[in-house]
Amino acid sequence: MTSPPSTEQFLRTFHDHHPGKQSESIRDVLTPGGRTAYETFADHVGSAERVLDLGCADGELLSIFAARGAHRLAGIDLSLNELAFARRRPELANAELRLGRAQELPWDAGAFDAVVSHMAFMVMSDPEAVAAEAARVLAPGGRFAVAVGSGGAEAGDAIELFRSLAVPLFRAARAKGLLPKFGDRRPRTREGLDEILGPAGFAPMAWERITIRHRGTPARVWQDNVATFYEMSSVPADEVARLRERFLAEAEKLAVDGVVPWAMGIDVATTRLVGAGA
Ligand SMILES: C[S@@+](CC[C@H](N)C(=O)[O-])C[C@H]1O[C@@H](n2cnc3c(N)ncnc32)[C@H](O)[C@@H]1O
């Protein structure tokens, strides 16, 4: 077994190879209210003049805050190619987009009213350091909000099918030392988030699960999974080809009029800075 790559090196390489793909696969997927996960998440944050996005990638979420009138927009990400996509968005022409780590933020104390992180805080190493930095750059009473994935939301749908076929391959890749650890369990639970954020000066989290639903062709669901499951990049090409064949054949059986249902749960956690931090 070789030693696994560092989490940040793995994430940087993956996102440099798949820039813009994460938001492309989530953007078309809607909540029952007909809104994207990004819009629903932004609704939970509410209006904010100065917003920082941790793990901003191609700037999809920052664009929504731009449209809602935020004056100061900032984002940080490990991937240069994701940031290049964000820089092409006209609405982000004045945004401060930085290549770097959320554990070491290049902004002054008290610079933001809201610090947000959509599907990114949960994979960050040393979340305590990220929490301490978020607390430092927030103004007193500022909001901190994270969206974390909670996996497939409905039994018998295309995501469950994909997982049942792919997880043994992911386990094998992990056993060979090809995969790092993507965060720990704590940022994916309410208690765990409170344990990380409380010492940095944040109040207990408010927590809500949103379900997003998609009806795509089996080929589209396959493409989205390849772009969003980090583990896929460590599966050998011949096994990916076999997995694809099996997935498409099985997904056809779930299809109605050529499309298969799939649903994903996203937990949205929000809090405010109430103390001076650790
Ligand atoms: C799953 S993607 C989510 C991207 C984006 N927030 C979205 O929802 O479309 C996670 C992102 O977090 C970034 N990331 C992970 N760890 C990071 C860290 N320590 N500092 C900054 N960015 C990080 C990755 O490079 C990647 O772009």
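Which helix makes a right-handed β-α-β unit with β2 and β3? In this predicted model, the helix is α5, residues 80-87.

## Parallel strands and crossovers

Strand β2 covers residues 72-77 and strand β3 covers residues 96-99. The two run parallel and are joined by 4 bridges. One of these pairings involves Gly 75, whose bridge partner in β3 is Leu 97. Together with helix α5, strands β2 and β3 form the right-handed β-α-β unit named above.

A right-handed β-α-β unit is also made by β1, helix α4 and β2, with α4 spanning residues 60-67. Strand β1 runs parallel to β2, and 5 bridges join them. Arg 50 has Arg 72 as its bridge partner in β2. Strand β1 is joined to β4 as well, by 3 bridges and again in parallel. On that side, Asp 53 has Val 116 in β4 as its bridge partner.

How many of the 5 residues of β1 are buried? The count is 4, and the strand, residues 50-54, is mostly covered. As a general point, side chains in a regular strand alternate between the two faces of the sheet.

## The ligand site

The shell around the ligand has 18 residues, of which Tyr 38, Gly 55, Asp 77, Ala 102 and His 118 come nearest. By class, the shell divides into 9 nonpolar, 6 polar and 3 charged residues. Helix α1, residues 7-17, supplies the largest share of the shell, with 3 residues.

An N or O atom in the side chain of Tyr 38 is 2.6 Å from a ligand oxygen atom. For His 118, a polar side-chain atom lies 2.7 Å from an oxygen atom of the ligand. Gln 103 places a side-chain N or O atom 3.0 Å from a nitrogen atom of the ligand. On its own the ligand has 590 Å² of accessible area, and the protein covers 98% of that.

Most residues other than glycine have a negative phi. Which loop holds Met 119? Met 119 is placed in the loop between β4, residues 112-118, and α6, residues 127-137. Its phi is positive, about 55°, although Met 119 is not a glycine.

Asp 126 lies in the loop between β4 and α6. This residue, not a glycine, has a positive phi of about 50°. Is Met 119 buried or exposed? Met 119 has a relative accessible area of 13% and is therefore buried, the cut-off being under 20%. Asp 126 has a relative accessible area of 46%, so it counts as partly exposed.

## Residues and distances along the chain

Ala 135 is placed in helix α6. With a relative accessible area of 10%, Ala 135 is buried. Ala 135 and Ala 200 are 65 residues apart in sequence, and their C-alpha atoms are 6.3 Å apart in space.

Val 268 lies in strand β7. Its relative accessible area is 1%, so Val 268 is buried. Val 268 and Ala 249 are 19 residues apart in sequence, with a C-alpha to C-alpha distance of 34 Å.

Two loop residues can be described in the same terms. Thr 217 is found in the loop between β6, residues 206-216, and α9, residues 218-228. Thr 217 has a relative accessible area of 38% and is partly exposed. From Thr 217 to Gly 33 there are 184 residues in sequence and 22 Å in space, C-alpha to C-alpha. Ala 255 is found in the loop between α10, residues 237-254, and β7, residues 260-272. Ala 255 is partly exposed, with a relative accessible area of 22%. The C-alpha atoms of Ala 255 and Ala 70 are separated by 42 Å, and the two residues are 185 residues apart along the chain.

Key:
Residues numbered from 1 in each chain as written. Predicted model: local features only at pLDDT ≥ 70, side-chain atom pairs only at ≥ 80, totals over all residues. Heavy atoms only, no water. Pairing = 2+ DSSP bridges. Right-handed = clockwise from strand over helix to strand, strands pointing away. Buried < 20%, exposed > 50% of the residue type's maximum accessible area, 1.4 Å probe, protein only. Near = heavy atom within 4 Å. Polar contact = N/O pair within 3.5 Å; in protein donor to acceptor, adjacent residues only side chain to side chain. Areas by Shrake-Rupley, 256 points an atom, 1.4 Å probe, with all protein chains shown as cover. Nonpolar A, V, L, I, M, F, W, Y, C, P; charged D, E, K, R; others polar.
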